[in-house]
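My notes follow in the order I took them.

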Amino acid sequence: MWPGNPYPLGAAYDGMGTNFSVFSEAADSVELCLFSEDDTEFRVTLPEMTSFCWHGYVPNVGPGQRYGFRVHGPHAPETGLLCNPAKLLLDPYAKAVEGVVRWDEAVFPYRFGGPEGARNDADSAPFMPRSVVVNPYFDWRQDRHPNTPWHDTVVYEVHVKGFTATHPHIDPEVQGTYAGLASAPAIEYLLRLGVTAVELLPVHQFVHDKQLVDRGLRNYWGYNSIGFLAPHCEYSASGQRGQQVQEFKDMVRTLHEAGIEVILDVVYNHTAEGNHLGPVLSFRGLDNRAYYRLDPADPRRYIDYTGTGNSLNMRNPHVLQLIMDSLRYWVTEMHVDGFRFDLASALARELHDVDRLSAFFDIIQQDPVISRVKLIAEPWDVGEGGYQVGNFPPLWSEWNGKYRDTVRDFWRGRDQTLAELAYRLTGSSDLYESSGRRPYASINFVTAHDGFTVADLVSYNEKHNSANGENNQDGENDNRSWNCSVEGPTNRPDVLQLRARQRRNFLATLFLSQGIPMLLGGDEVGRTQRGNNNAYCQDNDVSWYDWNHVDEAFLAYTRRLIKFRREHPVFRRRRFFQGRPIHGSDVSDIGWFTPEGTEMTEADWRKGLAKAIAVFLNGEAVPAVDIRGDPVVDDTFFLLFNGSPDGRKFVLPAGGWGELWVKVLDTTLPGDAEEAEPAQVKAGQPFPVEGRSVVLLRRV
């Protein structure tokens with residue numbers, strides 16, 4: 001072994017050999033462990049340490065070589081130090097991982113059944129996955145980022161495996177893999193649907209929790225990361241060592257060729273090592289005090305802002321470096337287009353409170369690579385003061401939880417929602433405008449991976465999570481759902497008809513709102529989880545798409561909505577509405593009206609029982625220009641929302657607002673139905689709108 005270099009961290013193959021480097025301030029020495037094909041372990045001490053990075057170069061070691069580390073140093077749990085050379089450790093900078101954790105007592109720092117804190121010196125190597133040296137070379141050909149403007153973006157939240165696991169037109173050998181997502185049938189489906197970006201549930205190497213494996217379950221969602229630079233090995237079609245990196249790159253290149261961006265859901269707030277009872281897999285054994293937020297009163301234990309047992313220590317520069325190196329790697333080497341940060345509020349905690357100007361945001365803002373991709377925050381965590389919707393810096397967009405809650409409440413008939421709905425329909429200016437942000441700061445969604453699907457949202461009042469093995473205690477209790485009077489499956493035609501209409505209402509609201517729509521993958525085909533609102537551990541037909549029972553009518557309806565939004569820029573404005581008269585007239589860019597055709601007053605907004613409203617959208621007042629600098633002009637529309645169970649007659653205002661209108665959308669119609677002769681509506685004359693429905697009118 002040669003001395004090598006401290007940077008880059010991880011295993012870097014240069015064509016002649018591999019440089020290894022790993023950070024540990026706690027270590028006295030670090031051993032590099034190389035594994036032969038018959039799994040014989042060869043150990044060699046890394047010869048150099050520079051700025052707490054232990055490093056060495058091994059000639060003639062290249063791609064496919066499996067390795068790990070063992071750390072010699074203090075083992076003093078009472079001070080937060082857990083060094084133990086009996087534990088084989090994954091490289092935090094590994095580009096690939098082979099195998100999964102086998103849950104034996106040896107992977108834990110203590111002995112089962114022994115005195116509390118009794119040190120466990122059993123060798124963990126037989127039960128641990130291996131880090132893998134990868135070949136960094138890949139022919140990207142002419143790959144380019146699609147660079148879809150934010151206001152034109154339609155996000156599709158999808159699981160790599162669940163999307164294609166049972167697809168009948170995809171080769172069974174690649175179903176449920178990166179290659180499956182890159183297959184021709186999958187790409188064709190996404191293009192016909194009309195989405196511009198896939199937001200992949202976690203693909204960083206993750207661990208299946210012991211308690212789940214013991215119950216015969218798996219961590220399907222993947223929010224249990226252990227390798228922030230490694231694509232998850234179980235999504236590899238070939239299963240060959242390290243090949244998941246090449247397959248992931250091929251998937252990204254193929255999606256880019258179709259004009260589809262790739263956004264990763266990333267989990268930098270915690271790791272799979274869990275709380276003080278968790279295993280020693282990587283970070284904990286390398287430098288527990290550096291990587292994790294320890295409880296000052298008892299350094300054996302962890303501060304937990306995530307509900308998962310630990311929180312990464314964002315105050316440590318080496319932890320910040322790991323996260324930034326990971327983000328840059330996925331952009332520069334893997335060519336992804338953006339990130340959605342799980343429990344992002346936890347990343348902003350430098351001391352205790354969420355700090356809007358924390359070091360994490362500072363380094364993101366100034367970074368020449370990361371600052372140029374799409375950044376989405378899940379703006380909450382489970383700690384005190386963690387709900388931070390609307391409070392992230394201008395560079396960021398946010399999952400708008402208030403949008404989800406308001407839209408659900410409106411369509412299930414809750415009172416006091418009309419004024420709130422108005423804000424959500426127009427990009428949530430109450431949350432984002434004062435900080436200089438735009439409507440695209442709001443990622444609008446009605447459903448996401450966490451919670452009910454849209455089919456279940458209209459079919460269940462209560463969660464049905466018994467399959468998770470937690471006595472139905474897990475998952476959210478307040479789902480803001482309505483089962484349309486029958487819990488679960490039914491054959492009643494009236495209930496089925498109402499549920500179908502409610503689903504159409506939800507998606508019409510989503511795609512006709514300002515901001516960025518995010519569609520939960522599978523909602524468009526009627527995917528159900530049979531009332532499970534926390535299917536994180538259901539790696540089976542509870543979570544996978546059922547391609548044999550596609551709701552073709554609803555799929556056609558969803559495609560039509562997305563296409564309509566793409567064709568009409570008035571529904572994807574780059575700036576907030578002003579509500580002021582334009583061109584010296586009495587007509588503004590937006591108008592709010594009662595069903596009687598009068599403009600809404602403060603008294604009207606305060607009517608808690610009101611459940612119907614009409615919205616005027618002026619297509620001649622879109623404050624934008626196209627790529628050549630020409631004004632953007634669109635049709636003018638009236639949106640009629642009737643959230644009450646009873647039909648209402650709407651009257652459109654006469655005068656400059658418009659005299660004749662034609663109906664272009666009616667959610668009372670079946671999803672694949674289009675009227676042969678759309679109804680025409682004259683201003684000043686009553687127009688019936690059925691209960692619980694949306695009607696969209698275009699000015700003639």
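Is Cys537 buried or exposed? I found Cys537 buried, with a relative accessible area of 1%. I keep in mind that this is a predicted model.

I then searched the whole structure and got 0 disulfides. I also checked Cys484, which is buried at a relative accessible area of 2%.

I moved on to helix H6, residues 283-291. Of its 9 residues, 8 are buried, so H6 is largely enclosed by the rest of the structure. I noted the charged names on the buried list: Arg284 and Asp287 are among them. The list also includes Phe283, Leu286 and Tyr291.

Last, I looked at how H7 (residues 317-332) packs with H9 (residues 359-366). I described the pair by the angle between the axes and the distance between them, as is done for two packed helices. The angle is about 35° and the axes are 11 Å apart. The crossing of H7 past H9 is right-handed.

Which residues of H7 and H9 meet? From H7 I listed Leu320, Ile323, Met324 and Leu327, and from H9 Ala359, Phe360, Ile363 and Ile364. Sorted by class, this contact has 8 nonpolar residues, no polar and no charged ones. I also wrote down that residues three or four places apart in an α-helix point the same way, because there are 3.6 residues a turn.

Methods: Residues are numbered from 1 along each chain as its sequence is written. This is a predicted model: local features need pLDDT of at least 70, side-chain atom pairs count only at pLDDT 80 or more; totals for chains, interfaces and linings use all residues. Side-chain values use heavy atoms; hydrogens and water are left out. Axes are lines fitted to C-alpha atoms, for helices over the stretch in contact, and angles run from 0 to 180 degrees between N-to-C directions. Helices (H or I, at least four residues) and strands (E, at least two) are DSSP runs, numbered from the N terminus. A crossing is left-handed if the near helix is turned anticlockwise from the far one by less than a right angle, and right-handed if clockwise. Contact means heavy atoms within 4.5 Å. A disulfide is a pair of cysteine sulfur atoms within 2.5 Å. Buried means under 20% relative accessible area, exposed over 50%, partly exposed in between (1.4 Å probe, protein chains only).
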